[in-house]
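Here is a short tour of the spaces inside one protein structure. Keep the sequence and the 3D view at hand.

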Amino acid sequence: MIFNIEMIMAFYRELPARVSAIRKTLGRPLTFSEKILYSHLYHKIGTGSYKRGSDYVDFAPDRVAMQDATAQMALLQFMMAGKEKTTVPASVHCDHLIMAKSGAAEDLKSAVYSNKEVYDFLSSVCNKYNIGFWKPGSGIIHQIILENYAFPGGMMIGTDSHTPNAGGLGMVAIGVGGADAVDVMTGMAWELKLPKLIGINLKGRLNGWASAKDIILKVAGMLTVNGGTGCIVEYFGEGAESLSCTGKATICNMGAEVGATCSIFGYDGSMEKYLIATGRKDVAEIAGKNREHLNSDKEIYAEPSKYYDQYIEIDLAELEPYINGPFTPDLATPISQMKAMAEKNRWPVDVEVGLIGSCTNSSYEDISRSASVAKNALDIKLSAKSEFKITPGSEQIRFIAERDGYFDLFKKIGGEVFANACGPCIGQWARNGSEKNLVNTVIHSFNRNFAKRTDGNPNTYAFVASPEIVTAIAISGKLTFNPITDTLINSDGKEVKLAEPVGFDLPLQGFGTTGNGYQEPEKNGSRNDILIAADSDRLQQLAPFGEWSGSDFTGLPLLIKVKGKCTTDHISMAGIWLKYRGHLENISNNYMIGAVNYFNDKTNLILNQLTNQYDTVPSVGKAYKTTGVGSVVVGEENFGEGSSREHAAMEPRYLDVRVVIVKSFARIHETNLKKQGVLPLTFKDKGDYNKIREDDKIDIVGLVHFAPERQISIVLNHSDGEKETILAKHSYNDTQIAWFKAGSALNLIRKANQ
Ligand code: SF4
């Protein structure tokens, strides 16, 4: 079955005329990203182009995808919008809530038991509102999107920051918060600041141990975690065409780690092969006929530096494998330099666990290349010195990897297969002994390696590498092992060397499955009830947030001044808290518990100005909430980077945080705050961050004149009686100001549907 084939065909029928209209309007050659963006404008193309990096544009994406953790809040919000069904096709994927502990079968069984009420809720909402439901065990959202829904030239949003994975099939696919999903599912315009474009020309071809993962690991090192913020990264060139479709998806997926809005490749032969192999020949045929519209114009490729805002060249023939980390995905070390780097930084080099898989790296190509390393290890009498875990990306991949004997090879070197789910990639790893917080090293092929993300232990040094390098390092047991140059001693005491990995981009025996775990929405589901138990501590109906009072904010106590990095993991921690994703009151008990207090360098210990005592952030937040005055949060650079979770914006709103003032924001988090009615501001002079004192009371002045581009005054009322006035900037446009005034974007949507 090809999902939503009518919608896809209709898109391609209109594409040539749309591209021609865009070219006429812009009056210049078009990049592939521009063809997609402009052909998905919410309003018909007008007479002028938009300015990249500054103009907000309304879009109409083709579809929405949600994972189970974020879907709960997105759907709770959608239920408040007063619609009968979603306006565009949507799907829900049960992947994030499955704990990796005792192996696939057992872990899945216990997830179905422990998350029953959440799965029942999601299933009932999907049936009621005509949404595709992928049951637990079906696989990880992005892998399923790539295998079933993505189509070249399309545009989608997903309530997960690695949604850009679908760029591997030529789609503009953007990770958003649940509030954005609600906009699109309710048929409202979805707004985005028109991204800038980074062009990356991949020259030459990969060889030896280097893989697609190493391209994005290198790019992460070049651009850093915020170098792609507000940009689409477009890959092209001979090297791009030589990569498999799933290799392209790996690169696009992990592009989230440079903060990119999304990443994309033009349509080519590898995508065609993948579409056909996954049962979508009709899509491949019609995409093939539109090939010129599914790539940049040839003038762009001839002079890329003229058309992209930033242009980079990478020679794949020269690329060596990378290992990134610890604690940040952009600390990129070529494998040949790892010994020196580890020594210099005193990183623990004994690797306790190697983990492969995740949505990023569990394609057939990844598994087969890693399995070839495992097979070679067995042939030369080696086994894994570290623990070795495998997380398949989908039921389809699990089935064919098992069928083709790869899991046997992994098991023979000491590997263990987890369920088809996120598991250790999102802190859902019940790792023995992690509560002891011992210093240790793990290496994985996932995307993210922020402190505590993998197993909750802040002393776990997590490194990121390709699956084949992870496999080799798990065999050696050492972070500093370089399979290109180093040898190992086998069980006979002989010196041996691992051979270069080999693999297949697509299964020779074809894809196949014994059942993919998909639940088609019921035909007459709109009459169904939605299942939420009255005494549930995991699900809670939402109540609308209050409207803005129409007055300035005055006398807001400082809740916390955050020091250093503050990702959405710091703001709303994952791990055990994932189970409260559908219960705003309960999950608000994790607000900012991972953030460092500037004034005492401690996490979750801040001054309560009401009592003059120190307490946890959620406790102080609740105390301030009861006063009805609200509070202020202050932070540093790229505040809110990381996963797209809107809980990081809903929790402060629930706790009555009125304003968040920082040096700079990560895009999704800033938008999420606006949608929930919290006021995100940035210091006009970043040095003013130093003026905020622990016991300040803060006024936000001039809100009655709130307007785009207009700066806002902030008065700091220090406890010694001194007052200082500083200026803040904001990025609101008129629509977003209407959200602020209404109390949230959802309040506006509901009014429109009444
Ligand atoms: S990055 Fe990790 S947590 Fe996120 S969808 Fe992929 S596997 Fe799941």
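## Cavities

On a 1 Å grid over the protein atoms alone, a cavity is a set of points where a 1.4 Å probe fits but cannot get out. The model searched here is a predicted one. Across the whole structure, the search turns up eight cavities of 30 Å³ or more.

The largest cavity holds about 290 Å³ of space. Its lining counts 24 residues, and Ala 256, Gly 259, Ala 260, Gly 642 and Ile 668 are the closest to its centre. Two or more lining residues come from each of β6 (172–175) and α24. The largest share belongs to α24, with three residues. By class, the lining of the largest cavity has nine nonpolar, 11 polar and four charged residues.

## The ligand and its cavity

Where does the ligand sit? Its place is the second largest cavity. That cavity has about 220 Å³ of space. A set of 23 residues lines the second largest cavity, and His 96, Asp 160, His 162, Ile 426 and Arg 453 lie nearest its centre. This lining splits into seven nonpolar, 11 polar and five charged residues.

Now look at the shell around the ligand.

## The largest pocket

Next comes an open space. The largest pocket contains about 910 Å³. Its lining is made of 34 residues. Nearest the centre are Gly 53, Tyr 56, Lys 193, Glu 670 and Ser 731.

Which elements each supply at least two residues of this lining? They are the strands β7 (190–193) and β27 (679–683), and the helices α24 (667–676) and α25 (734–742). The lining of the largest pocket has 15 polar, 10 charged and nine nonpolar residues.

## A buried serine

One residue deserves a separate look. Ser 466 sits in the loop that runs between β18 (460–464) and α19 (467–476). Is Ser 466 buried or exposed? Ser 466 counts as buried because its relative accessibility is 0%, and buried means under 20%.

Leaving out residues up to four places away in sequence, Ser 466 touches Ser 211, Lys 213, Asp 214, Leu 217 and Ser 445.

How values were computed:
Residues numbered from 1 in each chain as written. Predicted model: local features only at pLDDT ≥ 70, side-chain atom pairs only at ≥ 80, totals over all residues. Heavy atoms only, no water. 1 Å grid on protein atoms, 1.4 Å probe; cavity = no way out; pocket = protein on both sides within 12 Å on 5 of 7 lines; lining within 4 Å. Sits in = over half its atoms within 2 Å of the grid points. Helix = DSSP H or I, 4+ residues; strand = E, 2+ residues; numbered from the N terminus. Buried < 20%, exposed > 50% of the residue type's maximum accessible area, 1.4 Å probe, protein only. Contact = heavy atoms within 4.5 Å. Points joined across faces, edges and corners; volume = space filled by probe spheres on them. Nonpolar A, V, L, I, M, F, W, Y, C, P; charged D, E, K, R; others polar.
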